[in-house]
Amino acid sequence: MMFRSTLKNIFSIFLLISGIVCGAMIFFVTRSRLGAVANSHKMMLAADVLMFIYALIYIVCGLLALTRNIPRRVVRVRPFVQVGVFLAVASLIISAANGILVSHIIILAVCGILIPQIFFFIIGAIMARK
(Lines give C-alpha, C1' and ligand atoms only; values in the text may rest on other atoms or scores of the structure.)
Protein backbone atom coordinates (compact mmCIF):
# COMPACT_ATOMS: atom_id res chain seq x y z
CA MET A 1 0.00 0.00 0.00
CA MET A 2 2.84 2.38 0.79
CA PHE A 3 4.45 1.83 -2.62
CA ARG A 4 1.18 2.69 -4.37
CA SER A 5 0.79 5.83 -2.30
CA THR A 6 4.38 6.88 -2.96
CA LEU A 7 4.00 6.25 -6.69
CA LYS A 8 0.78 8.28 -6.70
CA ASN A 9 2.50 11.16 -4.90
CA ILE A 10 5.51 11.16 -7.23
CA PHE A 11 3.38 11.31 -10.36
CA SER A 12 1.05 13.85 -8.78
CA ILE A 13 4.06 16.10 -8.20
CA PHE A 14 5.11 15.54 -11.83
CA LEU A 15 1.59 16.50 -12.94
CA LEU A 16 1.70 19.64 -10.79
CA ILE A 17 5.11 20.63 -12.16
CA SER A 18 3.86 19.91 -15.67
CA GLY A 19 0.96 22.32 -15.15
CA ILE A 20 3.29 25.01 -13.82
CA VAL A 21 5.67 24.59 -16.77
CA CYS A 22 2.77 24.74 -19.26
CA GLY A 23 1.53 27.89 -17.56
CA ALA A 24 4.97 29.46 -17.85
CA MET A 25 5.26 28.40 -21.49
CA ILE A 26 2.28 30.64 -22.32
CA PHE A 27 4.55 33.63 -21.78
CA PHE A 28 7.46 32.26 -23.82
CA VAL A 29 5.33 31.04 -26.73
CA THR A 30 3.37 34.29 -26.90
CA ARG A 31 6.56 36.35 -26.77
CA SER A 32 8.12 34.37 -29.62
CA ARG A 33 4.96 34.60 -31.71
CA LEU A 34 4.69 38.35 -31.27
CA GLY A 35 8.20 38.65 -32.67
CA ALA A 36 7.32 36.62 -35.76
CA VAL A 37 6.38 38.32 -39.01
CA ALA A 38 3.59 36.10 -40.32
CA ASN A 39 1.45 35.37 -37.30
CA SER A 40 -2.28 35.18 -36.74
CA HIS A 41 -3.17 36.87 -33.47
CA LYS A 42 -6.52 35.06 -33.30
CA MET A 43 -4.84 31.67 -33.56
CA MET A 44 -2.25 32.76 -31.02
CA LEU A 45 -4.97 33.81 -28.60
CA ALA A 46 -6.88 30.54 -29.11
CA ALA A 47 -3.77 28.46 -28.44
CA ASP A 48 -2.91 30.56 -25.37
CA VAL A 49 -6.40 30.15 -23.92
CA LEU A 50 -6.22 26.38 -24.45
CA MET A 51 -2.77 26.28 -22.83
CA PHE A 52 -4.05 28.24 -19.85
CA ILE A 53 -7.05 25.93 -19.42
CA TYR A 54 -5.10 22.69 -19.53
CA ALA A 55 -2.32 24.10 -17.34
CA LEU A 56 -4.95 25.03 -14.78
CA ILE A 57 -6.51 21.56 -15.05
CA TYR A 58 -3.13 19.91 -14.44
CA ILE A 59 -2.35 22.13 -11.45
CA VAL A 60 -5.73 21.50 -9.82
CA CYS A 61 -5.64 17.76 -10.54
CA GLY A 62 -2.07 17.50 -9.22
CA LEU A 63 -3.02 19.28 -6.01
CA LEU A 64 -6.15 17.16 -5.57
CA ALA A 65 -4.20 13.96 -6.17
CA LEU A 66 -1.60 15.04 -3.60
CA THR A 67 -4.18 15.85 -0.93
CA ARG A 68 -5.98 12.53 -1.25
CA ASN A 69 -4.39 9.95 1.04
CA ILE A 70 -6.12 6.93 -0.44
CA PRO A 71 -4.90 6.12 -3.98
CA ARG A 72 -8.35 4.81 -4.95
CA ARG A 73 -9.88 8.26 -4.45
CA VAL A 74 -7.51 9.76 -7.02
CA VAL A 75 -9.45 8.03 -9.79
CA ARG A 76 -11.87 10.96 -9.79
CA VAL A 77 -9.26 13.26 -11.34
CA ARG A 78 -8.49 10.90 -14.25
CA PRO A 79 -11.21 12.19 -16.62
CA PHE A 80 -10.06 15.77 -16.12
CA VAL A 81 -6.48 14.83 -16.93
CA GLN A 82 -7.66 13.15 -20.12
CA VAL A 83 -9.64 16.27 -21.10
CA GLY A 84 -6.48 18.30 -20.48
CA VAL A 85 -4.56 16.04 -22.85
CA PHE A 86 -7.14 16.57 -25.60
CA LEU A 87 -6.90 20.33 -25.06
CA ALA A 88 -3.10 20.09 -25.21
CA VAL A 89 -3.25 18.24 -28.53
CA ALA A 90 -5.62 20.88 -29.93
CA SER A 91 -3.35 23.65 -28.68
CA LEU A 92 -0.29 22.02 -30.26
CA ILE A 93 -2.09 21.66 -33.58
CA ILE A 94 -3.10 25.33 -33.54
CA SER A 95 0.40 26.34 -32.47
CA ALA A 96 2.04 24.28 -35.18
CA ALA A 97 -0.26 25.76 -37.82
CA ASN A 98 0.51 29.27 -36.58
CA GLY A 99 4.26 28.78 -36.34
CA ILE A 100 6.11 27.81 -33.19
CA LEU A 101 9.68 26.95 -32.31
CA VAL A 102 10.56 23.26 -32.27
CA SER A 103 11.90 23.53 -28.73
CA HIS A 104 8.56 24.93 -27.57
CA ILE A 105 6.71 22.09 -29.28
CA ILE A 106 8.90 19.53 -27.53
CA ILE A 107 8.42 21.13 -24.10
CA LEU A 108 4.67 21.46 -24.56
CA ALA A 109 4.38 17.90 -25.87
CA VAL A 110 6.29 16.44 -22.92
CA CYS A 111 4.60 18.58 -20.25
CA GLY A 112 1.17 18.79 -21.87
CA ILE A 113 0.73 15.30 -23.26
CA LEU A 114 3.38 12.78 -22.16
CA ILE A 115 3.51 13.39 -18.39
CA PRO A 116 -0.31 13.58 -17.96
CA GLN A 117 -0.75 10.41 -20.02
CA ILE A 118 1.79 8.61 -17.84
CA PHE A 119 -0.11 9.88 -14.78
CA PHE A 120 -3.36 8.63 -16.33
CA PHE A 121 -1.97 5.14 -16.96
CA ILE A 122 -0.14 4.87 -13.62
CA ILE A 123 -3.29 5.76 -11.68
CA GLY A 124 -5.14 3.16 -13.76
CA ALA A 125 -2.51 0.55 -12.90
CA ILE A 126 -2.72 1.46 -9.21
CA MET A 127 -6.48 1.00 -9.37
CA ALA A 128 -6.20 -2.40 -11.08
CA ARG A 129 -3.99 -3.88 -8.36
CA LYS A 130 -5.51 -5.34 -5.25
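Guide: Start with contact: it means heavy atoms within 4.5 Å. Take Phe119, leaving out residues up to four places away in sequence. Phe119 then touches Phe11, Ser12, Leu15, Ala65, Val74, Val77 and Val81.

Visitor: What kind of model is this, and how are residues numbered?

Guide: This is a predicted model, where local features need pLDDT of at least 70, side-chain atom pairs count only at pLDDT 80 or more, and totals for chains, interfaces and linings use all residues. Residues are numbered from 1 along each chain as its sequence is written, and side-chain values use heavy atoms, with hydrogens and water left out.

Visitor: How many helices and strands does the protein chain have?

Guide: Helices (H or I, at least four residues) and strands (E, at least two) are DSSP runs, numbered from the N terminus. Here the protein chain has four helices and zero strands. The order from the N terminus is α-α-α-α. Along the principal axes, the C-alpha atoms fill a box of roughly 55 × 20 × 20 Å.

Visitor: Why does the end-to-end span of H1 agree with its residue count?

Guide: The expected span of a helix is 1.5 Å times one less than its number of residues. H1 covers residues 2-34, so its 33 residues should span 48 Å. Its end C-alpha atoms are 48 Å apart, which agrees. H3 has 21 residues and reaches 30 Å, close to the 30 Å expected.

Visitor: Where does H1 bend?

Guide: A bend is the angle between axes fitted to the seven residues ending at a residue and the seven starting there. H1 bends by about 25° at Met25.

Visitor: Which residues of H3 are buried?

Guide: Buried means under 20% relative accessible area, exposed over 50%, partly exposed in between (1.4 Å probe, protein chains only). In H3, the buried residues are Arg78, Val81, Gln82, Gly84, Val85, Ala88, Ser91, Leu92, Ser95 and Asn98. An α-helix has 3.6 residues a turn, so residues three or four places apart point the same way. After H3 comes Gly99, with a positive phi near 100°. Of the chain's 130 residues, 42% count as buried.

Visitor: Is Ile94 buried or partly exposed?

Guide: Ile94 has 23% relative accessibility, so it counts as partly exposed. Ile94 lies in H3. Leaving aside neighbours within four places in sequence, Ile94 is in contact with Met43, Ala46, Ala47 and Leu50. The C-alpha atoms of Ile94 and Ala47 are 6.0 Å apart, though the two sit 47 residues apart along the chain.

Visitor: What does Ser12 contact?

Guide: Ser12 is in H1. Ser12 is buried, at 0% relative accessible area. With neighbours within four places set aside, its contacts are Gly62, Ala65, Leu66 and Phe119.

Visitor: Which residues touch the most other members of the largest nonpolar core?

Guide: A nonpolar core is a set of buried Ala, Val, Leu, Ile, Met, Phe, Trp, Tyr and Cys residues joined through side-chain atoms within 4.5 Å. The largest has 27 residues, and Tyr54, Tyr58, Leu108 and Phe119 touch the most other members. H1, H2 (41-67), H3 (78-98) and H4 (102-128) each supply at least two residues of this core.

Visitor: How many salt bridges are there?

Guide: A salt bridge is a side-chain nitrogen of Lys or Arg within 4 Å of a carboxyl oxygen of Asp or Glu. By this rule there is one salt bridge. Asp48 and Arg33 form a salt bridge at 3.6 Å, N to O. Asp48 lies in H2 and Arg33 in H1, so the pair ties together parts 15 residues apart in sequence. Both Asp48 and Arg33 are buried.
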